[in-house]
Amino acid sequence: MTAVFSHGRLRLYLLKLLDDGPKHGYELIRLLEERFLGLYAPSAGTIYPRLARMEAEGLVTHTAAGGRKVYEITEAGRMELRDRAGEVATLESDIRASVEDLATLANEIQHEVRGSVRDLKRELQEATKETRLSGGVPPRPAPAYATPGTAEELDRRIEAFAIEVRGLVRGARLTETQALAAVRALDTALSALRRVFR
């Protein structure tokens, strides 16, 4: 879980979200994901046990609606929010800063991925052009060194990319949020490559 929500702060933020009106667990997960621009979303295994504890503490109640539990803040929950208003304001500030950091990281990763995909696309277009010019006959075997646009160069680039990503991951102490951002960047790159090969 992101460090923003350490030391019981997720519980406090759930109270804040429920203060805006009743919500089911999945809705709370989606609201948190939106708040973090899609770069972090708590799991059901994170949210539902907290809601159950909060209910046991008398801070929330639930009703069943359409097969789902809909949670609502109690007066005791509202009182806790009022008593901890300063902590809520600090938490909001920390969330804003975290989102800005995550957005910067995601933009940097996306920029690097776009550059790599752009290079790959250009090389594939050059290879396609060469193949068309040669009448559809595959080009002669590549020399010992791979030239841009060849299958060997593409394989080399893919391997180099994988090695560099593995090195970055092994050399970093990633938070869950950073790991999720990296996974999304890789998914974006894969989607872009799928479009290239269609």
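Biologist: What does arginine 30 form a salt bridge with?
Modeller: Arginine 30 pairs with glutamate 33, and their closest N and O atoms are 2.6 Å apart. Bear in mind that this is a predicted model.

Biologist: Where do arginine 30 and glutamate 33 lie?
Modeller: Both sit in helix H2 (residues 25–35). They are 3 residues apart, about one turn of the helix.

Biologist: And is glutamate 33 buried or exposed?
Modeller: Glutamate 33 counts as buried, because its relative accessibility is 18% and the cut-off for buried is under 20%. Arginine 30, at 25%, counts as partly exposed.

Biologist: Switching topic, how many salt bridges are there?
Modeller: The count comes to 10.

Biologist: Which residue does aspartate 94 meet in a salt bridge?
Modeller: That would be arginine 9, at 2.7 Å from N to O. Aspartate 94 belongs to helix H5 (residues 85–133) and arginine 9 to helix H1 (residues 9–19), so the pair ties together parts that are 85 residues apart in sequence.

Biologist: How do aspartate 94 and arginine 9 count for accessibility?
Modeller: Aspartate 94 is partly exposed at 29% relative accessibility, whereas arginine 9 is buried at 19%.

Biologist: What about glutamate 80, which side chain does it meet in a salt bridge?
Modeller: Glutamate 80 meets arginine 11, with 2.7 Å from N to O. This pair links distant parts of the chain, as glutamate 80 is in helix H4 (residues 75–83) and arginine 11 is in helix H1, 69 residues apart. Glutamate 80 and arginine 11 are both buried.

Biologist: Which residues are linked with Arg11 in a network of salt bridges?
Modeller: Glu57, Glu80, Arg84 and Glu87 are linked with Arg11 in that network.

Conventions. Residues are numbered from 1 along each chain as its sequence is written. This is a predicted model: local features need pLDDT of at least 70, side-chain atom pairs count only at pLDDT 80 or more; totals for chains, interfaces and linings use all residues. Side-chain values use heavy atoms; hydrogens and water are left out. A salt bridge is a side-chain nitrogen of Lys or Arg within 4 Å of a carboxyl oxygen of Asp or Glu. Helices (H or I, at least four residues) and strands (E, at least two) are DSSP runs, numbered from the N terminus. Buried means under 20% relative accessible area, exposed over 50%, partly exposed in between (1.4 Å probe, protein chains only).
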